[in-house]
Amino acid sequence: MPRSALILNGQPTGQVIDGAVLEAAIRWRDLLLAFVTDNILHEEALHIYLFDAQLNIVDSARLGWMYATGVFSLLNLCPPNTVRFRFFGDTDWTLELFDGDVFAIPFFQDPRGVSRPFRFHRRFQINGNPKPEPSVPTTGQPDVSTDRDKYHRS
Amino acid sequence: MSVSGALEEHLALQRLRKFKHRQFFATYAGFPPSSLVIAMTSADKKSEDRTRFDLAVKSLESQVTNIGAHVTIDSTTRLAYSREIKAMAKKLESDALAGKITWAEAANQAQETRNVVMEVFRRRSTPIGRAMAQYLKIKGYSLNELVARHSALHYGPNTKFKNLSMSQKNAVYASIVRSAGTSNLKVNSALRRLSFAGRGLIVISLGVSVYNIATSKNKFSAAGEELLATGASIGGGIAGGAIAGLACGPGAPVCVTIGAFVGGALAAFGIRSLW
């Protein structure tokens, strides 16, 4: 799988993360939220990382599923702590950042298609209402994105 | 003995004659008819319960084959899909290199052919595999978006495709073709492991069947029963999954898995009961 080494101000940090293409990076207080994709055309996965100032991973999540692909587009930033984006599932995803660790039950609090490391606390919550594929595809073609024409990427 | 007592004894004896296991009659011959009937009914019920329990256990044994078959079919299908799109990308690349088609055509075909391949492999999957594949509505890039994306990846974020040289444009198209031939390696390796696990379950199930045949009195009959129950379990599982898929709608793998399990268990139980 594609992996990337993180370089800060031209200096290697020694930190290696999953993903190949940095889609967006957002500074929130002293933390950095990064959206990274694998660059696999027909089975794209979106990795979301929250880093501290030294680029240590504070929390992470992955949107991906077998045979499923998505197109990342950042919709908007909703102050004080929410990011809205689109990927797959024909839904607007929201990512809410927390000031500190928040208790969460693994697996049960994540929408379909979202996976996270097994732990009982998190620093952000992803919400969305992803839809399944229709049983009979009308054209045999995937829903081709037009979001990039509609929304501005920050 | 009164007339009613004699009649009661006669009726009890008549009922006893209907039982297959005559040894019970001999064992309880010295007891009054009423207690004989009670003893026979209780013993027969126990035997019937035991038979039902054995049937249920054997039906569950058949589920191992059902699960193994589902896992093996879906993981093999996934690995074949992965091989097929890789072969497709290589073929398009070699055709473009040989000048049979342009790189732009190769990029266009790569996107379209993959969707056809995907549909073929979805159909080859079990209902559970199909439900997994339909779990999320996908969103793909248009060819123009792909061109813009790969141009930026190769030549910088502000690159305009129309300003590139012909060889650079071809490199962008070639990158799209190669990208279309890749699949998620994490999923592939997970399903490769599942494929081994599925085959392992089938081997275990075959071992149990061989044991059942070897320890039975009528080996020919036992072999027939094992063969039919195993086949029914797999067929019932696929049918049950398909029915559950219709009932629950697309992209409901949990519902379809329950349907496949119940369908397989009922079919195996039915065949064993009939046998």
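Predicted model: local features only at pLDDT ≥ 70, side-chain atom pairs only at ≥ 80, totals over all residues.
Residues are numbered from 1 along each chain as its sequence is written, and chains are lettered from A and ligands numbered from 1 in the order in which they are written.

Helices (H or I, at least four residues) and strands (E, at least two) are DSSP runs, numbered from the N terminus, and two strands pair if DSSP finds at least two bridges between them. In general, the strands of a sheet pair through backbone hydrogen bonds, either parallel or antiparallel. One open sheet of chain A has 5 strands in the order β3-β4-β5-β6-β10, with antiparallel pairing. Its edges are β3 (21–28) and β10 (114–115) of chain A, and because each has a single partner strand, one side of each is left without a neighbour in the sheet. Within this sheet, β4 (residues 31–37) of chain A is joined by 6 bridges to β5 (residues 46–51) of chain A, the two running antiparallel, and A:Ala34 has A:Tyr49 in β5(A) as its bridge partner.

Another open sheet of chain A is built from 4 strands in the order β7-β8-β9-β11, again with antiparallel pairing. Here β7 (73–78) and β11 (121–127) of chain A stand at the edges with a single partner strand each, so one side of each has no neighbour in the sheet. Between β9 (residues 92–103) of chain A and β11(A), which run antiparallel, there are 6 bridges, and A:Val102 stands opposite A:Arg122 in β11(A).

Chain B is divided into domain 1 (3–39), domain 2 (55–66 + 199–274) and domain 3 (67–187), with bounds that come from an automatic or database domain assignment. The centres of domain 2 and domain 3 of chain B, taken over C-alpha atoms, are separated by 37 Å. Their contact takes 21 residues from domain 2 of chain B and 13 residues from domain 3 of chain B, where two residues are in contact if their C-beta atoms, placed from the backbone, lie within 7 Å. On the side of domain 2 of chain B that touches domain 3 of chain B, α3 (33–97), α8, α9 (219–248) and α10 (253–274) of chain B each give two or more residues, and the largest share, 6 residues, comes from α9(B).

Helix α9 of chain B also holds B:Ala244. This residue, B:Ala244, counts as buried because it has 23 C-beta neighbours inside 10 Å; a residue is buried if 20 or more other C-beta atoms lie within 10 Å of its own, exposed if 12 or fewer, and partly exposed in between, with C-beta atoms placed from the backbone. Leaving out residues up to four places away in sequence, B:Ala244 touches B:Cys255, B:Val256, B:Ile258 and B:Gly259.

Finally, the two chains meet where 28 residues of chain B are in contact with 33 residues of chain A. Among the elements that give two or more residues to this side of chain B are α4 (103–124) and α7 (166–180) of chain B, and α4(B) gives the most, with 5 residues. The buried residues of α4(B) include B:Trp103, B:Ala110 and B:Phe121.
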